Amino acid sequence: MLNKRVEDALNAQINAEFWSAYLYLSMSSYLAHAGYPGFANWYSIQFQEEQAHAQIMVNYVLSRGGRVLLKPIAEVKTEWESPLNCFEETLLHENNVTAMINDLYTVTLEEKDFATQSMLKWFIDEQVEEEKNAQDIIDNLRMIKDNGYGIYMIDKELGARTFVTPAPLAGK
Ligand code: MG
């Protein structure tokens with residue numbers, strides 16, 4: 001049986017994961033329209049990953065006999081200045097998500113919910129990856145500045161990214 005405070009916190013995080021998905025689909029659409037198919041592809045994969053994050057938590061809440069209560073997803077931005085601007089905002093957003101996951105973990109410590117702590121460990125590790133991925137792309141874009149050929153090459157590289165089902169959904 002899921003502790004009520006933990007259940008509420010998980011439901012809030014499910015909404016936050018869907019908001020992330022919404023944000024990245026918006027960035028993907030902006031970048032596709034601006035003529036960067038590779039960057040758009042990277043964000044389209046990110047969109048799928050965030051939906052998978054929500055699904056992992058939905059499955060977990062249900063497996064513990066809890067209720068999944070979906071709330072409206074808040075509006076997201078639709079315009080950015082450049083691909084670099086998107087990735088800078090992505091890093092700031094992922095920093096916020098890391099703080100949210102940490103707060104959620106703190107709730108499970110206070111409530112002595114060991115099973116939810118175990119489930120959240122995957123998310124803690126995932127956030128390290130999310131922040132590193134955004135930072136690496138920011139570093140590359142800052143290095144090449146407005147060099148057209150460099151941007152073309154990074155766009156091409158990110159166009160090769162494919163979706164990999166996260167381990168908790170892949171049945172490990
Ligand atoms: Mg996420």
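View 1. The magnesium ion is held by three residues: Glu17 and Glu50, each through OE, and His53 through ND1, at 2.1 to 2.2 Å. Donors here are N, O and S atoms within 2.8 Å of the metal (3.2 Å for Na, K and Ca), and water is not among the atoms, so sites may look incomplete. Read along the chain, the donors of the magnesium ion are spaced E-x32-E-x2-H. Glu50 and His53 share helix α2 (residues 37–63), where they sit 3 residues apart, about one turn of the helix. Helices are DSSP runs of H or I with at least four residues, strands are E runs of at least two, and both are numbered from the N terminus. Glu50 and His53 are both buried, where buried means under 20% relative accessible area, exposed means over 50%, and partly exposed is anything in between (1.4 Å probe, protein chains only).

A quick note on the ground rules: residues are numbered from 1 along each chain as its sequence is written, and side-chain values use heavy atoms, with hydrogens and water left out. Since this is a predicted model, local features need pLDDT of at least 70 and side-chain atom pairs count only at pLDDT 80 or more, while totals for chains, interfaces and linings use all residues.

**View 2. Helix α1 against helix α2.** Here α1 (residues 4–33) and α2 have axes that come within 8 Å and cross at roughly 165°. That makes α1 roughly antiparallel to α2. The axes are lines fitted to C-alpha atoms, for helices over the stretch in contact, with angles running from 0 to 180 degrees between N-to-C directions. On that scale, under 35 degrees counts as roughly parallel, over 145 as roughly antiparallel, 65 to 115 as roughly perpendicular, and the rest as oblique. The α1 and α2 crossing is left-handed, a label used if the near helix is turned anticlockwise from the far one by less than a right angle, with clockwise giving right-handed. Sorted by class, the contact of α1 with α2 holds 18 nonpolar, 7 polar and 2 charged residues. For that count, Ala, Val, Leu, Ile, Met, Phe, Trp, Tyr, Cys and Pro are nonpolar, Asp, Glu, Lys and Arg are charged, and the others, Gly among them, are polar.

**View 3. The largest nonpolar core.** There are 21 residues in this core, and Met27, Leu31, Phe39, Tyr43, Cys86, Phe87 and Leu158 touch the most other members. A nonpolar core is a set of buried Ala, Val, Leu, Ile, Met, Phe, Trp, Tyr and Cys residues joined through side-chain atoms within 4.5 Å. The elements giving two or more residues to this core are α1, α2, α3 (83–110), α4 (114–144) and α5 (148–158). Of these, α1 gives the most, with 5 residues.

**View 4. Helix α3 with α4, and the loop between them.** The axes of α3 and α4 come within 9 Å and cross at roughly 160°. That makes α3 roughly antiparallel to α4. It's a left-handed crossing as α3 passes α4, and the contact of α3 with α4 has 16 nonpolar, 8 polar and 6 charged residues. Look for Lys112 in the loop between α3 and α4: phi of Lys112 is near 50°, a positive value in a residue other than glycine. Lys112 is exposed, with a relative accessible area of 60%.

**View 5. Helix α4 with α5, and the loop between them.** The axes of α4 and α5 come within 9 Å and cross at roughly 160°. That makes α4 roughly antiparallel to α5. This time the crossing, α4 past α5, is right-handed. In the loop between α4 and α5 you'll find Lys145, with a positive phi of about 50° although Lys145 is not a glycine. Lys145 is exposed, at a relative accessible area of 64%.

View 6. Val97 belongs to helix α3 and is buried, with a relative accessible area of 4%. Pro168 lies in the segment after α5 and is partly exposed, with a relative accessible area of 29%.
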